[in-house]
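Visitor: Could you zoom in on one spot and tell me what packs around it? After that, I'd like to hear about the sulfurs.

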Amino acid sequence: MSEDEEGVIRLSTYMGGLVRWRAGEGFRKIAAPEPMSLEKVMNFAYDEPNHRLYMGTYGEGVLVLDTRTDAIRPLSSSGMQRWIGSLCLDRQGLLWIGSFYGMQCYDTKSRALMQYNMGEIAVSSRIYSCCESAKTGVLWIGSGEGLVSFDRKSGSTRHYTEDDGLPGNVINAIAEAADGTLWISTCNGLSRLNPDSGQFKNYYAEDGLQSNEFRYGAVATAADGRLYFGGINGLTALYPHIVEQGQHAVPPITFSRLKVFNREVTYDPASDENILDKHISQATRVTLAKEQNVFDIEFSVLEYTNPHKVVYAYRM
């Protein structure tokens, strides 16, 4: 979906063509001249100053729509791929084209493909998403083999995978928050990346996501900074700056049961032969004879907001 400066919205549908909506007019299907097809328009990149809407397709390459007339033409350049997974128009007028066979760069001014050394993953893997950082100008590329950052100024690249903290290597969509952090949807959860430290923070269905699996390219940023990510069970919406405001201290561990040789141990105030010095929930000491070498201890934390996130550790 794309909205131009006049408030006209254009929607792409899979096998349903391209549709335009205008206030007072409603919906209207846009036709393309033969032999072009608009049945598989998968993504948009809008060039507002030049009134151009770049459309990535499956099988037709990149098409260009004039938003003033709805005239459509193919974007022709020798060597350009035809199966397009993502589009990103940067501030310099370079159109980054993510295809099934790697990333390409098209200069909209010279109308020619440009060559950049973006690393093996970026130029050979299937590309699902890309995003230019508004703060640094770094290009972030989402592939089927992880996340790649490409700094055109220095020519440096960095490749991130599950080994670096990502929840999954298939990067479906990328969005930059106002504070410069990146939010990345995958096939196994949503992740927040601090580009300065390289640290990831991952979120899963138990944190409130629609599911762990997201759809590629399904991302939008609202005017108020809210991020939207689409997945197999609906939409996940979040304000990046308040996601962590609900954090609180985890309650202390509570011991609930002790068994020795599979028999539950209780505390008897009248006895001098107690294993426990108090009731199990208040005990500070457990005294076992040498032969009492098989025992079980049950414990828990009274945390109900997200018990799946509680991690226990013990030492004997």
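Guide: Let's start with S149: leaving aside residues up to four places away in sequence, S149 touches V138, L139 and W140, along with S156, T157, R158 and Y160 (contact here is heavy atoms within 4.5 Å). Bear in mind that this is a predicted model, where local features need pLDDT of at least 70, side-chain atom pairs count only at pLDDT 80 or more, and totals for chains, interfaces and linings use all residues. Numbering runs from 1 along each chain as its sequence is written, and side-chain values use heavy atoms, with hydrogens and water left out.

S149 sits in strand 15, which spans residues 146-151 (strands are DSSP runs of E, at least two residues, numbered from the N terminus). With a relative accessible area of 10%, S149 is buried (buried is under 20%, exposed over 50%, partly exposed in between, using a 1.4 Å probe on protein chains only).

Now the sulfurs. You'll find zero disulfides in the structure (the test is a pair of cysteine sulfur atoms within 2.5 Å). Take C131: its closest cysteine sulfur belongs to C88, and because the two are 6.3 Å apart, that's too far for a bond. C187 is in no disulfide either, as the nearest cysteine sulfur, in C130, lies 17 Å away. As for how covered these two cysteines are, C131 is buried at 11% relative accessible area, while C187 is partly exposed at 37%.

How values were computed: Helices (H or I, at least four residues) and strands (E, at least two) are DSSP runs, numbered from the N terminus.
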